[in-house]
Amino acid sequence: MTPFISNSPDHRDTMARHRATVLGNIVMAGEIPSPTGGERKVVEFLYNRFIEAGLNHVTIDEAGNAGAVLPGNSDRNILVAAHVDKIWSKTVEHRITALENAITGPGVADNALGVAILASLPRILEILDVTFDANLILVGTTGSLGPGNLGGMRFFLENTREPIHAGICLEGMDLGRLSYSSLGMVRAEITVKLDTESDWPWHGVGTGAIGPLSKIVDCILGIDRPEKPRTTILLGSIQSGSGYNFPPSSGVLKFEIRSESEDVVDRIYHQIEEIVEETSVRDDCETSLSVLARRKSGDIGFRHPFVRAIREIMESLEIKPRIAPSISELSALLDHGIPGLTLGITKGDHRSTREESIVIEDIFTGIAQIVSTLEFIDHYLKES
Amino acid sequence: MSDTTKVINQWLENNTFHYGEFWKVKKLVEAKEKAGLTISLCIPTLNEEETIGKEIIIFISELMDRYPLIDEIAVIDSGSTDRTLEIASSFGADTYLSKDILPGEGFKMGKGENLWKAIYQLKGDIICYVDGDIKNIHHRFVSGLVAPLIYRPEVKYVKAFYDRPLAYSGETRPSGGGRVTEILVRPLFSLFFPELTALVQPLSGEYAVRREVLEQIPFPIGYGVETSHLIDVYQKWGLGAFAQTDLESRIHGHQSTAALGKMSFGILQSFLKRVHSLGMVDRLPELNSVFRQFQAEGSRYEQIIMEIIEEERPPMCTIPAYREKHKQL
């Protein structure tokens with residue numbers, strides 16, 4: 001058995017008995033609104049937690065990331081990161097409810113739980129009496145979601161003075177989630193504008209910008225998507241108009257292209273570019289296509305020692321691995337050639353709704369897998 | 001400046017705090033240990049399953065696990081029909097049914113009953129009471145209230161206040177004391193116990209009190225418990241025994257006007273009972289025409305004093321000119 005794996009069930013049981021710090025941090029991180037670009041308060045929360053824990057080099061950097069170092073006894077560095085932004089705007093009431101076995105509220109899984117574990121990690125390691133040879137660099141990253149384009153993580157990786165030898169990214173849901181590869185991705189939006197506001201017609205159908213947008217959607221649905229490498233086009237939202245009887249003069253379509261191959265992403269993107277240009281000419285409207293975020297594809301491979309170890313750790317904790325590529329922080333790590341993983345922490349329900357809910361008991365299993373994974377990585381770096 | 005105004009101003013200066021003054025809980029714990037004090041937190045409940053779990057999590061995490069400021073957390077329940085007790089217990093609170101405490105004294109339904117029985121059941125030298133329905137719970141709801149008792153031995157009873165009145169470009173917003181406070185309690189205090197108007201929010205449900213005080217005062221079971229406490233402690237120990245802490249904001253459910261009517265009726269009963277027992281019915285004090293509200297600017301708190309004289313005219317038929325003009329009547 002890989003070293004440290006037998007510790008995992010003990011870690012879980014110990015943390016279940018010392019639940020207060022973790023649960024307190026979940027409630028507090030959960031109640032702080034933190035939309036992408038407006039993460040300051042949750043970053044200050046993390047910063048204060050790092051200070052209280054007596055960590056070194058506690059900072060808020062130029063990108064707004066909160067960072068700190070739990071020093072080890074070597075010059076090796078392991079990054080532990082959690083994105084601090086949520087999908088919810090500040091106008092949404094961020095109220096957390098705690099019942100016997102579940103905590104509920106908008107953003108509690110994505111990613112208040114990840115932030116809470118990051119904030120609690122020094123205390124968790126103290127409780128479990130675990131120390132590392134490597135330095136643990138803890139970072140709460142900003143600008144991860146939507147148009148954020150992993151801005152916080154990219155800034156950190158481009159500007160950190162310390163070499164990062166390995167990394168773990170924390171996501172609240174789902175326990176068993178294991179990402180060791182990242183997808184190529186383009187996140188973009190198409191805008192259609194009519195020169196003049198169209199009036200209602202005497203006969204036929206008045207569509208305004210909805211007509212050209214619909215044709216664009218039709219054309220996108222007709223694009224050939226290969227099964228291998230796996231490729232998806234996701235249409236996220238269409239916004240146009242505000243009433244029943246006035247054809248709108250503009251509209252926006254938001255979408256993503258994801259693929260295991262960056263070449264395929266590029267090919268599909270260029271096809272969409274042509275569709276948009278063609279629509280402009282054919283329907284006599286102004287169109288634009290703008291890219292909000294991009295990811296390169298990357299992969300450390302199923303046989304990588306980290307992946308082998310986490311699969312064994314999961315087995316020891318009776319967690320069923322759910323392997324899926326990532327488009328979050330991990331892709332920035334892999335872009336920089338840093339081997340890393342994304343791990344989910346607990347099970348839950350109603351993802352991305354205001355009733356998003358996480359299972360309390362499974363959090364301690366999630367913590368145990370994280371600590372055991374860090375123990376393994378620390379050992380691996382030391383030995384190699 | 002009247003004597004009352006001077007007393008209130010001095011008290012506001014010395015005995016009104018902001019929770020931010022006690023932000024460093026670690027220091028508070030050191031002072032508590034040095035003073036040899038123990039602190040119990042009591043949360044009286046009736047069907048609070050939505051908020052109780054979060055309250056227990058925050059208090060145990062921040063004030064027991066991280067910094068050992070409080071020595072016990074107890075939920076004393078009036079007989080919830082939801083899962084209030086199960087949830088509180090699952091997060092580590094001691095839970096009690098009010099009817100099971102001091103069974104020989106019987107059981108009365110009401111928050112005051114739970115507060116009273118807490119004195120018997122809990123061990124602390126200081127008991128801090130916090131309602132179970134607070135949606136924006138934070139450890140300041142306890143640390144901000146017990147701090148004056150830890151640092152100032154002469155202080156015996158610390159009251160919370162919220163929604164600090166602020167001055168906006170010369171225009172002052174009235175104190176956010178709540179409707180029953182502003183319409184009923186503050187006018188009554190202005191008339192009968194003017195010094196008690198110094199308490200910005202006399203009806204707030206959060207307060208910390210020394211055991212030596214709690215064991216010597218009666219407890220109305222219903223809505224009158226806060227008002228009567230203030231009068232009783234004031235009569236026995238004077239204004240100097242009180243302090244108040246600004247806890248900034250408290251979010252809880254909104255009460256209907258009908259519910260506030262019920263509350264006012266209960267408060268009036270307790271108030272009049274005290275006026276009666278203090279012998280003030282037959283010999284009412286000279287009725288005061290000074291009405292006192294509050295405003296704050298920065299960390300300074302000051303009174304707004306208004307002279308309100310309700311003058312009266314006699315029946316018109318007693319006016320000679322009227323009788324002359326309307327002889328035919």
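Visitor: Is A:Asp266 buried, exposed or partly exposed?
Guide: In this predicted model, A:Asp266 is partly exposed, since its relative accessible area is 33%.

Visitor: Which side chain does A:Asp266 meet in a salt bridge?
Guide: Its partner is A:Arg294, with 3.8 Å from N to O. A:Asp266 belongs to helix 7 (residues 262-282) of chain A and A:Arg294 to strand 13 (residues 286-295) of chain A, so the pair links distant parts of the chain, 28 residues apart. A:Arg294 is partly exposed as well, at 38% relative accessibility.

Visitor: And what about A:Asp362 and A:Lys347?
Guide: Their side chains also meet in a salt bridge, at 3.9 Å from N to O. A:Asp362 lies in helix 10 of chain A, while A:Lys347 is in the loop between strand 16 (340-346) and strand 17 (348-349) of chain A, so the pair ties together parts that are 15 residues apart in sequence.

Visitor: Why does A:Asp362 count as buried?
Guide: A:Asp362 has a relative accessible area of 17%, and buried means under 20%. A:Lys347, at 44%, counts as partly exposed.

Visitor: Where do A:Glu126 and A:Arg123 lie?
Guide: Both are in helix 4 (residues 108-128) of chain A, three residues apart, which is about one turn of the helix. A:Glu126 is exposed at 55% relative accessibility, whereas A:Arg123 is partly exposed at 27%.

Visitor: How many salt bridges are there over all chains?
Guide: A search of the whole structure finds 35. There is also a network of salt bridges that links A:Glu31, A:Glu93, A:Arg95 and B:Lys54.

Visitor: Changing topic: at what angle do helix 8 and helix 10 of chain A pack?
Guide: The angle is about 145°, and the axes of helix 8 (residues 305-316) and helix 10 (residues 360-383) of chain A are 10 Å apart. Residues making the contact include A:Phe306 and A:Ile310 of helix 8 of chain A, and A:Phe376 and A:Tyr380 of helix 10 of chain A. The crossing of these two helices of chain A is right-handed.

Visitor: What about chain B, then: is B:His139 buried or exposed?
Guide: B:His139 is buried, with a relative accessible area of 9%. Leaving aside neighbours within four places in sequence, B:His139 is in contact with several residues, among them B:Trp23, B:Phe59 and B:Glu62.

Visitor: Which residues form a nonpolar patch on the surface?
Guide: B:Leu46, B:Phe107 and B:Met109 do, with about 270 Å² of accessible area together. B:Met109 counts as exposed, at 52% relative accessibility.

Notes. Residues are numbered from 1 along each chain as its sequence is written. Chains are lettered from A and ligands numbered from 1 in the order in which they are written. This is a predicted model: local features need pLDDT of at least 70, side-chain atom pairs count only at pLDDT 80 or more; totals for chains, interfaces and linings use all residues. Side-chain values use heavy atoms; hydrogens and water are left out. Patches are made of residues with over 30% relative accessible area and no salt bridge: like charges are joined within 9 Å, nonpolar side chains (Val, Leu, Ile, Met, Phe, Trp, Tyr) within 5 Å. Accessible areas come from the Shrake-Rupley method with a 1.4 Å probe; for residues, only the protein chains shown count as cover. A salt bridge is a side-chain nitrogen of Lys or Arg within 4 Å of a carboxyl oxygen of Asp or Glu. Buried means under 20% relative accessible area, exposed over 50%, partly exposed in between (1.4 Å probe, protein chains only). Axes are lines fitted to C-alpha atoms, for helices over the stretch in contact, and angles run from 0 to 180 degrees between N-to-C directions. Helices (H or I, at least four residues) and strands (E, at least two) are DSSP runs, numbered from the N terminus. A crossing is left-handed if the near helix is turned anticlockwise from the far one by less than a right angle, and right-handed if clockwise. Contact means heavy atoms within 4.5 Å.
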